[in-house]
Amino acid sequence: MNNSAMLDVIVVGGSYAGLSAALALGRAIRQVVVLDSDEPCNRQTPHSHNFLTQDGSTPAAIAAVSREQVLAYPTVRLHPEAAVSATGEDNHFTVTTASGAVLHARKLLFATGIRDLMPALPGFAECWGISAIHCPYCHGYEYRGQPTGILANGEAIAEMGLLIRNWTDKLTIFTNGPATLQPDQRQQLADRGVVVEETPVQQLLHQAGYLTHLALADGRTVALSALYARLPFEQHCTLPHDLGCTHSAAGHIAVDNFQKTNISGVYAAGDATSPMRAVGAAVAAGMMAGAMLNRELIFGT
Ligand SMILES: Cc1cc2nc3c(=O)[nH]c(=O)nc-3n(C[C@H](O)[C@H](O)[C@H](O)COP(=O)(O)OP(=O)(O)OC[C@H]3O[C@@H](n4cnc5c(N)ncnc54)[C@H](O)[C@@H]3O)c2cc1C
């Protein structure tokens, strides 16, 4: 390929949000390169749920059919490597890849996702996405009615407990130390049969990522099939920060309703911009970004 040619858009991140944007841009006959380091956040989960037409498919299968359909558009190309630097300004950005290729484009889209930071709890990382899960809409149905835990503390745990109670009546919240619950919240949870366990958690016992028990610091073990957790995270890619994109207090790239950042010509979409972590939400945001980028290429704003 001719790397010195001015592309319309470089999409950094070629998972659900990035490929969805590339689809809209390809159908608008835009010259697009998608750079992807192929580390989507859900890669360890055996089945993805709650995305229409792909309910229960593997993440790899969804990615494969997405790539096949997007790359059928001749103006869209995929480079399977990371972007390592991004400089420039609206209508002339330069992106360098890990192998040293230098690409130029009028606009940039970051669909680079986030990196979940695993707690220092033996067994947790191995179970992540399999039986240690982030979202009841993605995985709660498969664990309905089964002994389930929530590993969390803080203001939101009562609400989280009452939410997850929808899927199972065998629910324990493991606060890993003294619970920060108000008396009325404790009562609400007790009324719904939700147990609060304050003993520190020591280890997740599992078989190939499928949880069997939680080991507690006092030597007890609690039988569990699933454990919900909301993990801290960091941006997967720091290039938006380097370009001057502002971030929310929680750490997401700040965008408007059209996925535009505060930096002219730079858009962002998907998990990198939103706490609503779902394939469907990433696809919707990517489609919006693709359409708005094309609009901006036509009208200039
Ligand atoms: C364990 C787990 C299970 C999940 N299960 C479900 C489910 O069942 N159903 C559901 O709807 N949702 C599920 N989700 C949420 C869903 O996976 C995410 O919302 C979705 O993957 C977000 O898509 P994205 O394109 O924004 O980011 P990602 O899918 O995370 O992809 C980001 C891409 O950008 C690439 N990238 C990052 N930096 C660079 C760079 N510098 N250069 C090039 N490429 C880069 C990464 O390698 C990656 O390929 C799950 C999430 C997790 C963590």
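The shell around the ligand takes at least three residues from each of two domains, domain 1 (6-116 + 232-299) and domain 2 (124-229); the domain bounds come from an automatic or database domain assignment. The structure is a predicted model, in which local features need pLDDT of at least 70 and side-chain atom pairs count only at pLDDT 80 or more, while totals for chains, interfaces and linings use all residues. Residues are numbered from 1 along each chain as its sequence is written.

The ligand is surrounded by 42 residues, and the closest are Gly-13, Ser-15, Gly-113, Gly-129 and Gly-270. By class, the shell has 17 nonpolar, 19 polar and six charged residues. Asp, Glu, Lys and Arg count as charged; Ala, Val, Leu, Ile, Met, Phe, Trp, Tyr, Cys and Pro as nonpolar; and the others, Gly among them, as polar.

Three strands form an open sheet in the order β12-β13-β14, with antiparallel pairing. The twist averages 25° from one strand to the next. Strands are DSSP runs of E with at least two residues, and helices are runs of H or I with at least four, numbered from the N terminus. Two strands pair if DSSP finds at least two bridges between them.

| Strand | Residues | Pairing |
|---|---|---|
| β12 | residues 201-207 | edge strand, pairs on one side only |
| β13 | residues 210-216 | three bridges with β14 |
| β14 | residues 221-223 | edge strand, pairs on one side only |

Ala-215 has Thr-221 of β14 as its bridge partner.

Notes
Near = placed C-beta within 6 Å. Axes fitted to C-alpha atoms, helices over the stretch in contact; angles between N-to-C directions.
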